[in-house]
Amino acid sequence: MVLLDGVKLNSFQNAMFDLSLFPKELIGAIVVQTNGASALYGSEAMGGVVNIITKNKWGGEVDDGLHSSATVSVGSMNTHRWSGSTGYRKENSSLSFFLNCETSNGDYPFHFNGEKVRRKNNAYTLSDFGLSYGHIFDSTKTLSFTSFYGLQDKQIPGIETGEIPPASSQIDKNWNSIISFENYFSGAFFVKLG
């Protein structure tokens, strides 16, 4: 079972979730429970749980006010990536936006029949953007909202035969929005709606 801040992401149709579709900019931590967790999360968690924790909206390391960041990177196989985020925090509320884009032609070199060749039809373009909002009402009540859209256009290389493989691609468009409310009645008893 895959969770985002404790809220289930698995599809109701096939109980699956593709982790490659989740934007890296939202990840603050990942908690993996490898043993069966069906007693806590239900029968879908028999194989374990992956809980993705979004970046801390109220962490003490960030002062109140406007915060922005940008990253540009270039790599092998004509890979380019740029991302940016901006956010504003005031007392018990936080709002942030992010944008990410990565492209590559994916033509890595490999050996086939004793010859060094390059992989063809292996390019991809990944784009993500979204927002995250959080508010602490008091020491017992918190509200969180996360919404993100991902567009992935990936070519699918065929089996290597010595000829250029036929062109094939897969396009994934995903929009996820999660709102959750937590109310702690005591240290051991709380209600979470998501």
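This is a predicted model: local features need pLDDT of at least 70, side-chain atom pairs count only at pLDDT 80 or more; totals for chains, interfaces and linings use all residues.
User: Which elements give two or more residues to the lining of the largest cavity?
Analyst: Helices (H or I, at least four residues) and strands (E, at least two) are DSSP runs, numbered from the N terminus. By that numbering, the elements giving two or more residues to this lining are β11 (141–155) and β12 (169–184).

User: How much space lies in the largest cavity?
Analyst: The structure holds one cavity of 30 Å³ or more. Grid points are joined across faces, edges and corners, and the volume is the space filled by probe spheres set on the points. For the largest cavity this comes to about 40 Å³.

User: Is Thr146 buried or exposed?
Analyst: Thr146 sits in strand β11. Leaving aside neighbours within four places in sequence, its contacts (heavy atoms within 4.5 Å) are Leu4, Leu26, Thr54, Leu131, Ser132, Asn176, Ser177 and Ile178. Buried means under 20% relative accessible area, exposed over 50%, and partly exposed in between, with a 1.4 Å probe and protein chains only. Thr146 has 4%, so this residue is buried.

User: Why does the pair of Phe22 and Phe148 get its label, and what is that label?
Analyst: A search of the whole structure finds four aromatic pairs. Rings of Phe, Tyr and Trp (its six-membered ring) pair if their centres lie within 6.5 Å; planes under 30 degrees apart count as stacked, over 60 as edge-to-face and the rest as tilted. The centres of Phe22 and Phe148 are 5.2 Å apart and the planes stand at 75 degrees, so the label is edge-to-face.

User: How many residues apart are Phe22 and Phe148?
Analyst: Phe22 is buried at 5% relative accessible area, and Phe148 is buried at 2%. Their pair links distant parts of the chain, with Phe22 in the loop between β2 and β3 and Phe148 in strand β11, a spacing of 126 residues.

User: What is the strand order in the open sheet of four strands?
Analyst: Two strands pair if DSSP finds at least two bridges between them. In this sheet, β1 (residues 2–4) and β4 (residues 49–54) are parallel over three bridges, and Val2 has Val50 as its bridge partner. With mixed pairing, the sheet runs in the order β2-β1-β4-β3.

User: Which strands stand at the edges of that sheet, and why?
Analyst: The order to keep in mind is β2-β1-β4-β3. Two strands each have a single partner, so one side of each is left without a neighbour in the sheet: β2 (7–8) and β3 (27–33).

User: Which residue in the hairpin of β8 and β9 takes a positive phi?
Analyst: β8 (residues 109–112) and β9 (residues 115–118) are antiparallel over four bridges, with Pro109 opposite Arg118. Two residues lie between the strands, and the one with a positive phi, near 55 degrees, is Asn113.

User: Is Glu91 buried or exposed?
Analyst: Glu91 lies in the loop between β6 and β7 (93–104). Its phi is near 50 degrees, a positive value in a residue other than glycine. With 56% relative accessibility, Glu91 counts as exposed.

How values were computed
Residues are numbered from 1 along each chain as its sequence is written. Side-chain values use heavy atoms; hydrogens and water are left out. On a 1 Å grid over the protein atoms alone, a cavity is a set of points where a 1.4 Å probe fits but cannot get out, and a pocket is an open set with protein on both sides within 12 Å along at least five of seven lines; lining residues have an atom within 4 Å of a point.
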